[in-house]
Amino acid sequence: MLTSKTLNINKNGDVVYLTFPKIERAGGVRHAFSTRLGGVSQGDCSTMNFGFNLGDDPLAVRENFKIFCSAFGAKSENVVVAQQTHTNNIKVVTKADLGKGLIKERDYTDIDGLVTDVTGAVLVTQYADCTPLVFYDPVKKVVATSHAGWKGTALEIGAKTVEVMKSQYGCEAKDILCGIGPNISKCCYEVDDPVINQINKIAYLDKKACYTDKGNGKYMLDLKEVNREILLFAGILPENIDIADLCTCCKSDIFHSHRASKGKRGTLALMIALK
């Protein structure tokens, strides 16, 4: 059974998905973070999988998009899927991009974040332990989502997303609502010196809050906290951030987890669209 003290758990038919309370209360958007539940995929990708590169039947993946979008009130033909390679590159999505990554070929690469003011465009980022970030400015009517693995986090992709929202659409940080979704949490995320060395390049972080040193070059890293501090440094107000209290690795029966499955898994998705 899935429970959370910080996120809303929703069920539509067999589909179970999560939403962020602050974004939901603001209105004007549809958004959802998936679980493994409610799709048609088989085997390691069962049942709700959004990845085409994991050995799953492409027809099943496309059907999952249709099922999931229908469950939270979006149109699957309007999805725009990131092409993630652990960068901090953000793509500004236009009407011409609708359908790319699902029913149209993508003409972009190395994109880990998407931002738009186009009504109905469904921005899609994908996960299997990395940190999901979602953004909504209810004043300027702008949405964004970014994929923050440890590399993207070290590149401060959350702050980069805020900067693009400001430069492209005139958003103000104080107006932006943010969600930090389920990821592999500090309880399960052991990393080594090369990872921590990159995290330590972010000078303003409270290192004691962000990771625990286990000795022998091993650390337990809290990517939710690192991303929270990055967002705060970018000007996001603390009261405007929802943080998931769920670990994808601990709950690998509910969420796809790369570490728990040793790579034999599907992908989750975070989707957001302006109404």
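Biologist: How many aromatic pairs does the rule give here?

Modeller: The count comes to 10 aromatic pairs; rings of Phe, Tyr and Trp (its six-membered ring) pair if their centres lie within 6.5 Å. This is a predicted model, where local features need pLDDT of at least 70, side-chain atom pairs count only at pLDDT 80 or more, and totals for chains, interfaces and linings use all residues. Residues are numbered from 1 along each chain as its sequence is written, and side-chain values use heavy atoms, leaving out hydrogens and water.

Biologist: Why is the pair of phenylalanine 50 and phenylalanine 68 called edge-to-face?

Modeller: Planes over 60 degrees apart count as edge-to-face, under 30 as stacked and the rest as tilted. The planes of phenylalanine 50 and phenylalanine 68 stand at 70°, with the ring centres 5.3 Å apart, so the pair is edge-to-face.

Biologist: And what makes phenylalanine 52 and phenylalanine 65 a stacked pair?

Modeller: Their planes are at 10° and their centres 6.4 Å apart, so this pair is stacked.

Biologist: Why is phenylalanine 65 called buried, and phenylalanine 52 partly exposed?

Modeller: Buried means under 20% relative accessible area, exposed over 50%, and partly exposed in between (1.4 Å probe, protein chains only). Phenylalanine 65 has 0%, so the residue is buried. Phenylalanine 52 has 31%, so that one is partly exposed.
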